[in-house]
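Here is a quick tour of one chain, written for someone who likes cut-offs spelled out. Have a look at the model first, then read on.

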Amino acid sequence: MDIRVSGIENDSIVDGPGIRMTLFVQGCPHRCKGCHNPQTHDFGGGTLMDTDEVTAKILGNPLLDGVTFSGGEPFEQAEALYKIGTAVKSKGLNIMVYSGYTFDELKAKSADNDYVGKLLGITDILVDGRYIDEQRSLMLLFRGSTNQRIIDVQKSLETGVVVEMELEDNSSK
């Protein structure tokens with residue numbers, strides 16, 4: 001299966017806790033003003049890659065604590081990311097996803113797209129909500145604007161309410 005990719009960061013410490021590989025997907029409907037990754041907006045841009053190739057690249061890095069799906073909008077390619085994500089999870093790595101959709105919007109979208117729900121179901125940490133330039137803050141860990149939340153997805157799915165989490169900044173350790 002193909003996935004449209006904008007780029008891959010092999011050893012990131014800024015896209016989630018621990019050492020992570022960050023997969024930047026191509027294509028975003030949100031097009032937030034001031035977006036950190038505007039080159040990812042065009043759905044026809046980037047490079048087509050095979051999901052097995054991407055999975056092998058991730059699993060070939062023995063230093064990783066987890067994988068981050070960013071973008072673009074990851075949930076626009078939910079089926080391909082679910083395929084990659086299930087292999088990642090089977091090796092004990094955690095998954096963090098950045099989405100311009102809110103948790104509730106994703107739950108609603110899952111009614112029309114099974115893979116949105118499946119991807120959400122294997123996600124450990126979700127940063128949700130569109131980037132709002134007027135709410136930008138450089139003091140936020142793993143987020144760009146104050147409206148965005150860091151969500152413990154598994155606890156949120158279990159309880160039926162959004163459970164936010166606090167993460168430590170490990171970049172200075």
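What follows goes from the overall fold to the cores, the pocket and a few individual residues.

First, the ground rules. This is a predicted model, so local features need pLDDT of at least 70 and side-chain atom pairs count only at pLDDT 80 or more, while totals for chains, interfaces and linings use all residues. Residues are numbered from 1 along each chain as its sequence is written, and side-chain values use heavy atoms, with hydrogens and water left out.

**Overall fold**

The chain holds five helices and seven strands; helices here are DSSP runs of H or I with at least four residues, strands are runs of E with at least two, and both are numbered from the N terminus. Walk along the sequence and you get β-β-β-α-β-α-β-α-α-β-β-α. The C-alpha trace spans about 40 × 40 × 35 Å along its principal axes. A compact globule of 173 residues would have a radius of gyration near 16 Å, and the chain's 15 Å agrees with that. That radius is taken over C-alpha atoms, and the globule rule is 2.2 Å times the number of residues to the power 0.38.

Of the 173 residues, 46% count as buried, where buried means under 20% relative accessible area, exposed over 50% and partly exposed in between, using a 1.4 Å probe and protein chains only.

**The cores**

In soluble globular proteins, nonpolar side chains tend to be buried together. A nonpolar core is a set of buried Ala, Val, Leu, Ile, Met, Phe, Trp, Tyr and Cys residues joined through side-chain atoms within 4.5 Å. The largest one has 30 residues, and Ile-3, Leu-23, Ile-58, Phe-69, Phe-75, Ile-84 and Leu-126 touch the most other members. Elements that each supply at least two residues include β1 (2-12), β2 (20-25), α1 (51-59), β4 (66-70) and α2 (78-90). Helix α2 gives the most, with five residues. There is also a second, separate core of eight residues, including Ile-125, Val-127, Leu-141 and Leu-167.

Who does Phe-75 touch? Leaving aside neighbours within four places in sequence, Phe-75 is in contact with Val-97, Ser-99, Tyr-101, Leu-106, Val-116, Leu-119, Leu-120 and Leu-126. Ile-58, in helix α1, is in contact with Met-21, Leu-64, Val-67, Ile-84, Val-88 and Leu-93 on the same terms. For a sense of scale, Ile-58 and Glu-164 are 106 residues apart in sequence and 27 Å apart in space, C-alpha to C-alpha.

**Buried residues side by side**

| Residue | Location | Relative accessibility |
|---|---|---|
| Ile-58 | helix α1 | 1% |
| Ser-70 | strand β4 | 8% |
| Gln-77 | loop between β4 and α2 | 14% |
| Phe-142 | loop between β6 (125-128) and β7 (149-152) | 8% |

With neighbours within four places left out, Ser-70 is in contact with Thr-22, Leu-23, Phe-24, Val-25, Asn-37 and Tyr-98. Gln-77, counted likewise, is in contact with Ile-3, Arg-4, Val-25 and Gln-26.

**The pocket**

The largest pocket has a volume of about 930 Å³. It is lined by 36 residues, with His-36, Asn-37, Tyr-98, Arg-143 and Gly-144 nearest its centre. On a 1 Å grid over the protein atoms alone, a pocket is an open set of points where a 1.4 Å probe fits, with protein on both sides within 12 Å along at least five of seven lines; lining residues have an atom within 4 Å of a point. Grid points are joined across faces, edges and corners, and the volume is the space filled by probe spheres set on them. By class, the lining has 13 nonpolar, 16 polar and seven charged residues; Asp, Glu, Lys and Arg count as charged, Ala, Val, Leu, Ile, Met, Phe, Trp, Tyr, Cys and Pro as nonpolar, and the others, Gly among them, as polar.

A cis peptide bond joins Gly-71 and Gly-72, with omega about 15 degrees, and Gly-72 sits in the loop between β4 and α2. Arg-31, in the loop between β2 and β3 (47-50), has a positive phi near 45 degrees despite not being glycine. Phe-142 also has a positive phi, near 65 degrees.

Conventions
Contact means heavy atoms within 4.5 Å.
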